[in-house]
Structures are given as C-alpha cells and as structure tokens.
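Please keep the sequence and the model in view while reading.

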Amino acid sequence: MRKTFIPALIAGLALAGLAAPALAQNTHIGAPTSAISSAVLVPAGSETLYVSGITPPVLNEGAPAGTPPEFGDTKTQVAGILKRIDGILKAQGYSFGDVVMMRVFLVGDPAKGGKMDFAGMMESYKESFGTATQPNRPARITMQISGLVAPGMLAEIEVQAARAKK
C-alpha cells in the first residue's frame, strides 16, 4: 500500500496545480508577415521591465549642437537608440525577444520636408525585431511629434519587456 501512496500523492499534487508550473511564454498575436504584433498576451505572474524613453547618442561631438550631423538621420538615431535599449535590457537579464510593447516618437525630418522618416526607422527596427535569430515582434505605436528634448534629435523610443519569473 505504501508503494502506491507516494506516486498517487505526486499525481494528486500535479493535478491540483501544486507541482512546479511550466514557465509561461508571451503570446504574440497578429499576422506572421507583419513587422509588429497586433497584441501581445503576457501571462499572469510575469516580471515586467519598463524602459524610459531613450534618445539617440551623439554621433559627432564636433558637429554644431542641434544640427543633423550631431545625431545623424532617423535611421542612424534609431540604430543608436536600439543599441542603448539592448544594453539596458541585457543588464537586467532581458533581451529584445522579451519586448512586448514599444512606443516610437519621431520628429519631422527637415531633409524629408518635415515629415517623419518612417522608412528610415523601419530599416533599423527590422535589424532587431522579426529576424531569423530574434523572431518576436512587439506591439508598437509610431507617431510624429513636434520636437524632443534637444534640437536635432529625430527619435525617442520607450519599451516594456516581460518574461516568466525565474
């Protein structure tokens, strides 16, 4: 009787949900061919990291402040911002694969007639999201705003990342 009690107890605990749960994953919802997810479902009990709006690094210290050469074009600025965000994520044990929401703020580019350079932003974005090595794509909003904290800045990005508790 004792030999059958222990396996029966373990099976009972597992059925009652008291055994160690499997780590839940974020569920990305949307067309597989889209550059972004329509939505991302984050399982209850996940850890969440909120990354503040990150602005581009200075590209050319010798350029006059607030001029395009100081920070580069939109593509260059987004690449620099994503590199900074990648460093913040990695320092906390996250990766781009854990990013579930992204907000992209773009300033109208004088070189584009004052319109945001969405194509330039996407070129840098696609190097980090929806790739063969990092297929996840966050839910995202992209909007044009009138300005950022420093003249010459054309982009600012904030993200939220979520993962199962370890």
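Which residues in H3 are buried? The model is a predicted one, and in it the buried residues of H3 are Thr 74, Gln 77, Val 78, Gly 80, Ile 81, Leu 82, Ile 85, Asp 86 and Leu 89. Helix H3 runs over residues 74–91, 18 residues in number. From its first C-alpha to its last, H3 reaches 26 Å, close to the 26 Å expected at 1.5 Å a residue. Just after H3, Gly 93 has a positive phi of about 85 degrees.

Thr 74 can be taken as an example from H3. Its relative accessibility is 0%, so Thr 74 counts as buried. Apart from neighbours within four places in sequence, Thr 74 is in contact with Leu 106, Asp 109, Asp 117, Met 121 and Leu 154.

Is Val 104 buried or exposed? Val 104 counts as buried because its relative accessibility is 0%. When residues up to four places away in sequence are not counted, Val 104 touches Met 121, Arg 140, Ile 141, Thr 142, Met 143, Glu 156 and Ile 157. Ile 157 is 53 residues from Val 104 along the chain, yet 4.6 Å separates their C-alpha atoms. Met 121 is a contact of Val 104 and also a contact of Thr 74.

Ala 39, in strand E2 (residues 39–41), gives another case. Ala 39 has a relative accessible area of 30% and is therefore partly exposed; the class of partly exposed residues lies between the buried limit of under 20% and the exposed limit of over 50%. Leaving out neighbours within four places in sequence, the contacts of Ala 39 are Thr 27, His 28, Ile 29 and Ala 139. Between Ala 39 and His 28 there are eleven residues of sequence separation and 6.3 Å from C-alpha to C-alpha.

These elements belong to a chain with four helices and six strands. Along the sequence they follow the pattern α-β-β-β-α-α-β-α-β-β. Of the 166 residues in the protein chain, 38% are buried. Among contacts with a separation of 6 or more, 74% are between residues 24 or more positions apart. The chain exposes about 9,700 Å², of which carbon and sulfur atoms supply 60%.

The open spaces come last. The largest pocket holds about 190 Å³ of space. Twelve residues line the largest pocket, and Ala 24, Gln 25, Asp 98, Arg 163 and Ala 164 lie nearest its centre. Its lining is made up of four nonpolar, five polar and three charged residues.

The second largest pocket has a volume of about 150 Å³. What lines the second largest pocket? Among its lining residues are Gly 66, Pro 68, Gly 72, Asp 73, Gln 77, Asp 109 and Leu 154. Gln 77 is also one of the buried residues of H3, while Asp 109 and Leu 154 are contacts of Thr 74. By class, the lining of the second largest pocket divides into five nonpolar, five polar and two charged residues.

Technical notes: Residues are numbered from 1 along each chain as its sequence is written. This is a predicted model: local features need pLDDT of at least 70, side-chain atom pairs count only at pLDDT 80 or more; totals for chains, interfaces and linings use all residues. Side-chain values use heavy atoms; hydrogens and water are left out. On a 1 Å grid over the protein atoms alone, a cavity is a set of points where a 1.4 Å probe fits but cannot get out, and a pocket is an open set with protein on both sides within 12 Å along at least five of seven lines; lining residues have an atom within 4 Å of a point. Grid points are joined across faces, edges and corners, and a volume is the space filled by probe spheres set on the points. Ala, Val, Leu, Ile, Met, Phe, Trp, Tyr, Cys and Pro count as nonpolar, Asp, Glu, Lys and Arg as charged, and the others, Gly among them, as polar. Helices (H or I, at least four residues) and strands (E, at least two) are DSSP runs, numbered from the N terminus. Buried means under 20% relative accessible area, exposed over 50%, partly exposed in between (1.4 Å probe, protein chains only). Contact means heavy atoms within 4.5 Å. Accessible areas come from the Shrake-Rupley method with a 1.4 Å probe; for residues, only the protein chains shown count as cover. The expected span of a helix is 1.5 Å times one less than its number of residues.
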